[in-house]
Amino acid sequence: MKNKPSKKMRQEDGGGLRQRILEHSGELTRQQRVIADYLLNHLSEAPFLSILEISEATGTSEATVVRFAQRIGYSGYARLKMALVETLREERALQVPGTAAPQGQDIHKDALAAVARLAVHNIGRTVEELDRTQFRDAATALFRGDHIFTFGLGISAHLADLAAYLFTEHGLRANSLGTRYTSPREQLATLRATDVVLAFSFPPYSRDTLEVLQEAGQRGVTTVAITDRATAPAVALATHPLLVSAQGMTFTSTTAAVDVLLNALIVEIGSHHKDEAVEALSRINRILDQGSNVVDGE
């Protein structure tokens, strides 16, 4: 039996983007009207723009873009972006074959530069806003744990694997929880109070990830959650929530800032526990040398 969409989602899906802007036009501020005009005049590219790019193109702030989305009935920018995609799809379906798009809508972009610029923005924002006390507390908790279990679904599954690899390479006992079980919580059956669970949670937030955090918390296990905003559901369930900026140009969260955070955690742990880290690296080097698993590029 399929899950029915929530009342809130049905309300957000109702009415096209143009209709919503028309209905709320009298309520929009001057800056919000600028945003509305820009989105409708650049419809062919707007669904692929980040909130940062839209704010800069319209001379407004990211917060103003979010308030605009909420003013016309969406919960935030992500839902507005979905509406832009649907509007573009519908209008292209009505377009007469062989006719060109209106002048100014098909703007060729340097995708590589745009994505790199957004990654730099995400990293900079994370470095600026991440609470250093929370960061150090999380690093200490990860080091003190007997075993670190990492978990995530979707793109977060790759981050969980990366985290487990980095921790192992630097002398910490760590592995990522698999996704082959009926419920990821099955793997927590042998969890000890001295272990640590590190979860990655990004939109769309997975219920399984939240249940892993909840299960660990109920059993008195320290939890660290890396997520994208203070209102994310994982924040309330984690002992140590760490917030990163993960804005993407498409519907997938980007991982540049997460990569920086993971490596920073490793450096923070290593700087205070150098002996253990050096010993682990030494053992790993001996294993690689003995096994002849690497090829010398020289």
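Here is a short tour of a predicted model, stop by stop. Local features are taken at pLDDT of at least 70 and side-chain atom pairs only at pLDDT 80 or more, while totals for chains, interfaces and linings use all residues. Numbering runs from 1 along each chain as its sequence is written, and side-chain values use heavy atoms, with hydrogens and water left out.

**Stop 1: two helices**

Select residues 30-41 and 51-58, which are H3 and H4. Helices here are DSSP runs of H or I with at least four residues, strands are E runs of at least two, and both are numbered from the N terminus. The axes of H3 and H4 come within 10 Å and cross at roughly 110°; axes are lines fitted to C-alpha atoms over the stretch in contact, with angles from 0 to 180 degrees between N-to-C directions. H3 and H4 are therefore roughly perpendicular (65 to 115 degrees). Now show the side chains: Val34, Ile35, Tyr38 and Leu39 of H3 meet Ile54, Ala57 and Thr58 of H4, where contact means heavy atoms within 4.5 Å.

**Stop 2: glutamine 32**

Stay in helix H3 and pick glutamine 32.

**Stop 3: histidine 147**

Jump to the loop between helix H8 (132-144) and strand S1 (148-151), where you'll find histidine 147. This one is buried as well, at 17% relative accessibility. Its side chain makes a 2.5 Å polar contact with that of asparagine 175 (N or O atoms within 3.5 Å; within protein, one able to donate a hydrogen and the other to accept it, and residues adjacent in sequence count only if both atoms are side-chain atoms).

**Stop 4: a cis peptide**

Zoom in on proline 203 and proline 204: the peptide bond from the one to the other is cis, with omega near -10°. Proline 204 belongs to the loop between strand S3 (196-201) and helix H10 (207-218).

**Stop 5: threonine 227**

Finish in strand S4 (residues 222-227) with threonine 227. Threonine 227 is buried, its relative accessible area being 0%. What does its side chain reach at 2.6 Å? That would be the backbone oxygen of serine 201. Other residues in contact with threonine 227 include Phe202, Tyr205 and Leu243.

Note on methods
Parallel < 35°, antiparallel > 145°, perpendicular 65-115°, else oblique. Buried < 20%, exposed > 50% of the residue type's maximum accessible area, 1.4 Å probe, protein only. Lists of a residue's contacts leave out its neighbours within four places in sequence.
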